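Have the sequence and the 3D view open, try each task yourself, and then follow the worked solution.

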Amino acid sequence: MARPIRVEYEDAVYHVTARGNERRAIFRGDPDRELFLVAVGQVCARFGTVVHAYCLMPNHYHLIVRTPRANLSRAIGWLQTAYTIRFNRRHRRTGHLVQGRFKAHLVEADGYAQTLVPYIHLNPVRPRNKRAVVPPERRGWLERYPWSSHRAYAGRCRAPAWLSLDWLSYWGRTVRDAQRAYARSMAGLFGVRAVSPF
């Protein structure tokens, strides 16, 4: 049975995620994560995509991507192919790295930004049961986690050149006020039940 055609729109925003084949790791270490982020930057330059947030986990990734040119499939297809080739060369392996087709949920930025960004950023510290309480003692781990856009949103590190922090405006009028409000809202999510944007 043929896969349904993915409907794409100009200037649409998507929550994109893909998992490793057989749920295996797609990042074996920091050099792989750096390789992936370089490829994300190349996708932005080649396809004109805008990345609003990201999080890399051992066996999957999350991106919030805006597509001014309605080219999500081409852009993410290129990203996954380029990264797989580079990963395979680096680890002297062959074959698929990512399981099937990437998932892309069309999202309404105004309605979901303040839910979706924290949802993605909490991935490294969230319990396996996504509806369970996020333990307060994991807050420090999130603050040190370098493989998401959380620290850039909170103003604790420099954002990659390709990362758009425009969505900080959902937390405040000035960058500084927005960063503080974002950090406060994230701190408030520890010890309470997580909310899923879907």
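**Exercise 1. Is R90 buried, partly exposed or exposed?**

Before we start, note that this is a predicted model, where local features need pLDDT of at least 70, side-chain atom pairs count only at pLDDT 80 or more, and totals for chains, interfaces and linings use all residues. Residues are numbered from 1 along each chain as its sequence is written, and side-chain values use heavy atoms, with hydrogens and water left out.

Step 1. Recall the classes: buried means under 20% relative accessible area, exposed over 50%, and partly exposed in between (1.4 Å probe, protein chains only).

Step 2. Place the value: R90 has 44% relative accessibility, so R90 counts as partly exposed.

**Exercise 2. Which residue does R90 meet in a salt bridge?** Find the partner and say where the two residues sit.

Step 1. Use the rule: a salt bridge is a side-chain nitrogen of Lys or Arg within 4 Å of a carboxyl oxygen of Asp or Glu.

Step 2. The side chain of R90 pairs with that of D32, at 2.7 Å from N to O. This pair links distant parts of the chain, with D32 in helix 1 and R90 in helix 2 (residues 72–91), 58 residues apart. Helices here are DSSP runs of H or I with at least four residues, strands are runs of E with at least two, and both are numbered from the N terminus.

**Exercise 3. How many salt bridges does the rule give?** Describe two further pairs.

Step 1. The count comes to five salt bridges.

Step 2. One of them joins D30 and R33, with 3.1 Å between N and O. The two residues are three apart in helix 1 (residues 30–47), which means that about one helical turn separates them. D30 is partly exposed at 40%, whereas R33 is buried at 12%.

Step 3. Another joins R24 and E22, whose closest N and O atoms are 3.0 Å apart. Here R24 is exposed at 55%, and E22 is exposed at 54%.

Step 4. Keep the general idea in mind: side chains of opposite charge can pair when their charged atoms come close.

**Exercise 4. In which order do the four strands lie in the open sheet?** Work out which strands stand at the edges.

Step 1. The order is 2-3-1-4, and the pairing is antiparallel. Two strands pair if DSSP finds at least two bridges between them.

Step 2. Strand 2 (50–57) and strand 4 (103–107) stand at the edges, because each has a single partner strand, so one side of each lacks a neighbour in the sheet.

Step 3. Look at the pairs. Strand 1 and strand 3 (residues 60–67) are antiparallel over eight bridges, and T17 stands opposite H62 in strand 3. Strand 2 and strand 3 are joined by seven bridges, with Y54 opposite L63 in strand 3. A hairpin of two residues connects strand 2 to strand 3.

**Exercise 5. What is the phi of D11?** Find a second residue with a positive phi.

Step 1. D11 has a phi near 60°, a positive value in a residue other than glycine. D11 lies in the segment before strand 1 and is partly exposed at 47%.

Step 2. R23, also not a glycine, has a positive phi of about 60°. R23 sits in the loop between strand 1 and helix 1 and is exposed at 58%.

Step 3. For background, most residues other than glycine have a negative phi.
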